[in-house]
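Please read them with the coordinates open.

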Amino acid sequence: MLSGDNSILQKATDAKQTSERAEAKEQAQMDIMAYIADKTANHQDASLDDTKVKEILSDNKSYVKVAGDTSFTTAKGEYEIPYSELYAATETTPTTPTDLNPTTKYGLSDDGTVFIGKPTDSTEKCSGNVEFADGQKFTQGHFIFYEAMDGGTYDEDRYFVWDDNPYGDINSWQDCWNNCVEFDMYYTNGEFIMHCYGE
């Protein structure tokens with residue numbers, strides 16, 4: 001009978017220890033997750049390692065007795081829990097904040113596939129070959145660059161742009177002038193120049 005009682009008591013003790021250890025581990029993991037969420041929300045580095053976890057758990061946590069270099073000792077029951085049980089090592093690159101009011105970048109896009117012209121009050125203009133609220137947007141095949149040369153027809157660098165009309169192959173500004181029924185020209189800074197009719 002006594003042997004049976006000891007067995008029951010041991011099982012109860014084991015269950016209590018397991019529960020206390022699991023509770024402390026869960027609290028630590030929640031604090032680590034809160035740290036990651038805060039850093040991520042502020043577009044900061046949320047990478048984790050043992051040093052960072054030690055720092056998190058050393059911040060007056062009621063369930064922590066001692067935060068060591070690779071593990072912590074729980075306040076209740078003094079169980080040692082390795083940091084390796086709390087997280088997987090990560091390296092998080094801070095995200096770039098989203099600009100709620102982005103400034104339109106006029107002119108040629110960084111990848112060279114889109115040209116955006118500044119808005120103009122002129123009613124005689126090409127409106128771009130894709131819908132775009134803040135100016136005129138022309139995708140590849142609807143704009144061509146003209147590099148001004150001494151003695152050239154135009155004295156400043158500019159872009160020739162045209163809408164979706166089927167003008168055929170346009171490989172130079174002369175092709176645009178000869179084949180486009182109408183087109184616009186923009187300085188390289190994106191400012192509207194003029195509305196032109198081709199020949």
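1. Basis. The model is predicted; local features need pLDDT of at least 70, side-chain atom pairs count only at pLDDT 80 or more, and totals for chains, interfaces and linings use all residues. Residues are numbered from 1 along each chain as its sequence is written, and side-chain values use heavy atoms, with hydrogens and water left out.

2. Sheet β1-β2-β3. This is an open sheet of three strands in the order β1-β2-β3, with antiparallel pairing. Its edge strands are β1 and β3, each of which pairs on one side only. Averaged over the sheet, neighbouring strands are turned by 25° against each other, direction ignored. For that angle, axes are lines fitted to C-alpha atoms, for helices over the stretch in contact, and angles run from 0 to 180 degrees between N-to-C directions. Strands here are DSSP runs of E with at least two residues, helices are runs of H or I with at least four, and both are numbered from the N terminus. Two strands count as paired if DSSP finds at least two bridges between them.

3. Pairing of β2 with β3. The two strands run antiparallel and are joined by three bridges. One to look at is T73, whose bridge partner in β3 is E80.

4. Sheet β4-β5-β6. Another open sheet has three strands, ordered β4-β5-β6 and paired antiparallel. Strands β4 (107-108) and β6 (136-139) stand at the edges with a single partner strand each, so one side of each has no neighbour in the sheet. As background, strands of a sheet pair through backbone hydrogen bonds, either parallel or antiparallel.

5. The β4-β5 hairpin. Strands β4 and β5 form a hairpin with five residues between them. In the turn, G112 has a positive phi of about 75°. G107 has I116 as its bridge partner in β5.

6. Pairing of β5 with β6. Strand β5 (residues 114-117) pairs with β6 in the antiparallel sense over four bridges. I116 has K137 as its bridge partner in β6. F115 stands opposite F138 in β6.

7. Faces of β5. In a regular strand the side chains alternate between the two faces of the sheet. Are the faces of β5 covered or open? Both are covered: V114 and I116 on one side, and F115 and G117 on the other, are all buried. Buried means under 20% relative accessible area, exposed means over 50%, and partly exposed lies in between (1.4 Å probe, protein chains only).

8. Salt bridges around E85. The count comes to six salt bridges, each defined as a side-chain nitrogen of Lys or Arg within 4 Å of a carboxyl oxygen of Asp or Glu. E85 forms one with R21, the closest N and O atoms being 3.2 Å apart. E85 lies in the loop between β3 (80-82) and β4, and R21 in helix α1 (residues 2-41), so the pair ties together parts that are 64 residues apart in sequence. K25 also meets E85 in a salt bridge, at 3.4 Å, N to O. K25 is in helix α1 too, so this pair links that helix to the loop between β3 and β4, parts 60 residues apart in sequence. E85 is partly exposed at 29% relative accessibility. R21 is partly exposed at 25%, and K25 at 23%.

9. The D69-K54 salt bridge. These side chains meet at 2.9 Å, N to O. D69 lies in the loop between β1 (64-67) and β2 (71-74), and K54 in helix α2 (residues 50-57), so the pair ties together parts that are 15 residues apart in sequence. D69 is exposed, with a relative accessible area of 56%. K54 is partly exposed, at 29% relative accessibility. Back at E85, salt bridges that share partners join R21, K25 and E85 into one network.

10. D184. Where does D184 sit? It is in strand β9 (residues 182-187). D184 is buried, with a relative accessible area of 0%. A polar atom of its side chain lies 2.6 Å from the backbone nitrogen of C126.

Key:
Polar contact = N/O pair within 3.5 Å; in protein donor to acceptor, adjacent residues only side chain to side chain.
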